Amino acid sequence: KGPEVTQILQGALDDQHHEVRVAAAKALGKLGHLDGMSVLVADLEQGDYIARRDAAAALGSIGSSNAVPALLEGLRDRHRIVRSECAEALGVIGNADAVPLMKR
């Protein structure tokens, strides 16, 4: 949990592989650092559908309400699996704003 670990994880946020970025962001979130959220939001907005799905799941596991706007937007994704992960993440975070969008 020391600063060395945090520094290594922060460096991994720039990795070319989305799986590494997601794992680093999740680990940072569990340590109480929200540094990786912007990387996950970027993956949710512009990655391929697997990266978008993984980013949504990671944002849910971090559980920060800062992720809600991006996850709400993700409910409109063209891929069902991404929409599903966004809905699940919003449920974990506990945001009532998602309920009307999920009823459509």
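Author: Contact here means heavy atoms within 4.5 Å. Keep in mind that this is a predicted model.

Reader: Happy to start with Arg-21! Which residues does Arg-21 touch, not counting residues up to four places away in sequence?
Author: Arg-21 lies in helix 2, which covers residues 18–30. Leaving out residues up to four places away in sequence, its contacts are Ala-12, Leu-13, Asp-15, Gln-16, Val-39 and Asp-43.

Reader: Which backbone oxygen does the side chain of Arg-21 reach at 2.8 Å?
Author: Two backbone oxygens come up here. The one of Gln-16 lies 3.2 Å from a polar atom of the Arg-21 side chain. The one reached at 2.8 Å belongs to Asp-15.

Reader: Now to helix 3. What covers the buried residues of helix 3?
Author: The buried residues in helix 3 are Met-37, Val-39, Leu-40, Val-41, Asp-43 and Leu-44. Their cover includes helix 2, helix 4, helix 5 (68–74) and helix 6 (80–93).

Reader: Nice. At roughly what angle do the axes of helix 3 and helix 4 cross?
Author: Two packed helices are described by the angle between their axes and the distance between the axes. The crossing of helix 3 with helix 4 is left-handed. Here the axes of helix 3 (residues 37–46) and helix 4 (residues 49–62) come within 8 Å, and the angle is roughly 145°.

Definitions and conventions: Residues numbered from 1 in each chain as written. Predicted model: local features only at pLDDT ≥ 70, side-chain atom pairs only at ≥ 80, totals over all residues. Heavy atoms only, no water. Axes fitted to C-alpha atoms, helices over the stretch in contact; angles between N-to-C directions. Helix = DSSP H or I, 4+ residues; strand = E, 2+ residues; numbered from the N terminus. Left-handed = near helix turned anticlockwise from the far one by under 90°. Polar contact = N/O pair within 3.5 Å; in protein donor to acceptor, adjacent residues only side chain to side chain. Buried < 20%, exposed > 50% of the residue type's maximum accessible area, 1.4 Å probe, protein only.
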